[in-house]
Amino acid sequence: MYLFHIRTYGCQMNERDSEALSCLLEAYGHQSVTEEESADVLIFNTCSVRDQAERKVLGKIGIMKRLKAQKPALKIGIIGCMAQRLGESLFEKLPHVDFVVGTGQMNQVPEFFTRIAAGETHLSALSLEVEEAELSGHQGQSLTSYISVMRGCDQFCTYCIVPHTRGREKSRPIPDIVKEVREQVDGGSREVLLLGQNITAYGVAEARKEGIYTPEFSAFADLLQALQEIPGLLRIRFTSPHVRYMNQKFIETVCRLPKVCKAFHIPLQSGSNRMLAAMNRGYTAEEYLQCIEGIRSLAPQAVFSTDIIVGFPGETPEEFEQTRQVMHQVQYDMAYIFRYSQREGTRAAKTLKDDVPENEKMERNQILLSELSEGVEKRNKAYLGKTVEVLLEGKSKRNEERWTGRTDLNKVCVFPPVEGFHPGQLCQVKIGRTTANSLFGDIIQA
Ligand code: SF4
C-alpha cells in the first residue's frame with residue numbers, strides 16, 4: 001500500500017481527473033494524503049495550455065531530485081496534458097521521475113504502482129485512445145460535483161494545445177452520466193458542473209459516425225433535459241460551450257429548464273472576424289452576438305462570462321477595438337483575458353508570427369480588465385435592496401465568521417450565519433452592499 005499525494009495544475013477538468021484517480025487508487029488499497037511530505041508517491045497532474053504552466057511544474061519536479069536523494073524510496077509520477085505532450089522525453093529532462101501517464105491512460109496508474117513497488121522505473125502510457133471505462137469515482141461529498149461528460153476536442157483552434165493533449169472528442173452515454181449525478185445527489189450534492197472542452201459538441205462525433213448528425217442535433221440539450229428530472233438536484237452549470245454548436249434546440253433548452261443556471265460562460269476570444277478566422281474558431285462576431293441575443297430573448301435575466309485573447313498574431317488596434325465593442329455590447333460579468341503567447345506544437349506557433357509587442361498586449365489587456373471591472377461594479381449596484389436566492393455553501397474563506405453562497409447567476413454572496421440554516425440549503429438574502437466581486441447582505445427568515 002502506498003501513501004500518495006496528487007498535486008493538480010490547470011483547469012477544472014484536471015481537478016476532476018485527480019479526484020477520480022484518487023478514488024481509483026483508494027479502491028486498490030492505496031491512501032491519499034493531504035501533505036506532500038507524508039507521501040510515498042507524488043503525482044503531478046499537469047497543464048499544457050500555457051508555456052508558463054509547464055515551466056512552473058517542470059521547476060517544481062526538478063527540485064524533487066534533491067528530495068528523492070534524501071528519501072530514495074520516494075516515487076514520482078507525471079500525468080495529464082504535459083505528460084501527454086512531452087511523453088518519454090520527460091525522463092531525459094527529469095531522470096528521477098518514475099512514470100509518465102497521458103490523459104487517456106489514467107486507468108494504468110494502479111498497475112504502475114505495483115510495478116514501481118517491484119523496482120521498475122521509467123514507465124509510460126501515452127496512447128490517446130481513451131480507455132473504455134471512464135473514471136467516475138468521487139471523493140467525499142461536496143455541494144457541487146464536477147462531472148466529466150466528454151473528453152477531447154475536434155475543433156483545433158490554431159492557438160490551442162488541447163486537441164493534441166486530450167485527443168479527439170468522445171462523449172459518455174447519457175444513462176452513465178445520469179447515474180453518476182443521481183449518486184452524487186443521493187450523497188448530498190445539490191449542484192453539478194458539467195465539464196467538457198467543447199461541451200456543446202457533446203455526442204456530435206458519435207452522431208457523425210452514425211450518420212445522424214444534422215444542424216438541429218443537440219445531444220447536450222437531451223442530456224440537460226435528463227438531468228433536469230433528477231429529484232434533489234437544484235442547479236446545473238456547464239463549461240465550456242462553443243458557439244458553433246449552439247443551435248436553436250440548445251438555446252431553447254437552456255432557457256426553458258429551471259435547473260440550468262442562467263449564467264453562461266461563452267468563449268468569444270476576439271471580436272474581429274479576421275482574427276476569429278485566423279484562430280479557426282468557426283464563427284463570426286455576428287454569429288456569436290446572435291447566440292447571446294437568442295438567449296437574452298428567452299431568458300432576459302441571463303448573464304455571461306467569456307475568454308478573450310489579446311495580441312493574437314497580426315491583431316491591429318482596429319481589430320482590438322472590435323473586441324472591445326463586443327465586450328461593451330454583451331456586458332460580461334466576468335472574463336478571463338489572456339495575452340497571446342505561442343504554444344509549441346500548435347498551428348499558430350508553426351505558421352503565424354507572434355508580432356504584437358508585449359507592451360501593446362499588456363495595454364490591451366489592462367484596458368479590457370478595467371472596463372470589465374467598472375461595468376460589473378456598476379451593474380452589481382442594481383442588487384442593492386433586492387432579495388436574491390442563494391445556495392448556501394458554508395464558511396467564507398476570507399472571513400470564517402461569515403457564510404458564503406452563490407445565486408443562480410453565479411454572484412458570490414457573503415452574509416452572517418443564522419441558526420437553523422445549513423450548507424446545501426437555498427436561502428433568501430437581502431443585499432445591503434456590493435462590490436465588483438461580491439454582494440453582501442443578510443438572510444431573511446420566513
Ligand atoms: S474549442 Fe478550441 S480553445 Fe477550446 S479546447 Fe477545443 S481547440 Fe482548444
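Trainee: Is strand β13 largely enclosed by the rest of the structure or largely open, and why?

Mentor: This is a predicted model, so the answer rests on computed positions. A residue counts as buried if 20 or more other C-beta atoms lie within 10 Å of its own. Six of the eight residues of β13 are buried, so the strand is largely enclosed by the rest of the structure.

Trainee: In which sense do β13 and β14 pair?

Mentor: β13 covers residues 303–310 and β14 covers residues 334–339. Among the bridge partners, I308 goes with I337, and V310 goes with R339. Six bridges link the two strands, and the sense is parallel.

Trainee: Which residue in β13 stands opposite F264?

Mentor: Strand β12, residues 263–265, runs parallel to β13 and is joined to it by three bridges. The residue of β13 opposite F264 is F304.

Trainee: Is L289 buried, exposed or partly exposed?

Mentor: L289 belongs to helix α12, residues 285–298. Buried requires 20 or more other C-beta atoms within 10 Å, and exposed requires 12 or fewer. L289 has 17 C-beta neighbours inside 10 Å, so it counts as partly exposed.

Trainee: Which residues is L289 in contact with, leaving aside its neighbours within four places in sequence?

Mentor: Contact here means C-beta atoms within 7 Å. K179 is 110 residues from L289 along the chain, and their C-alpha atoms are separated by 35 Å. With the sequence neighbours set aside, the contacts of L289 are V326 and Q329.

Trainee: How many residues in the shell around the ligand are charged?

Mentor: The residues around the ligand include C153, C157, C160, Q197, N198 and H242. The shell divides into six nonpolar and four polar residues, and the number of charged ones is none.

Trainee: What is the radius of gyration of the chain, and why does the chain count as compact?

Mentor: The chain has 15 helices and 19 strands. For 446 residues the globule rule gives 22 Å, and the chain comes close to that, so it is as compact as a globular protein of that length, with a radius of gyration of 23 Å.

Trainee: What percentage of contacts between residues at least 6 apart in sequence join residues at least 24 apart?

Mentor: Buried residues make up 41% of the chain. For the contacts you ask about, the share is 72%.

Key: Residues numbered from 1 in each chain as written. Predicted model: local features only at pLDDT ≥ 70, side-chain atom pairs only at ≥ 80, totals over all residues. Pairing = 2+ DSSP bridges. Helix = DSSP H or I, 4+ residues; strand = E, 2+ residues; numbered from the N terminus. Near = placed C-beta within 6 Å. Nonpolar A, V, L, I, M, F, W, Y, C, P; charged D, E, K, R; others polar. Contact = placed C-beta atoms within 7 Å. Rg over C-alpha atoms; globule rule 2.2 N^0.38 Å.
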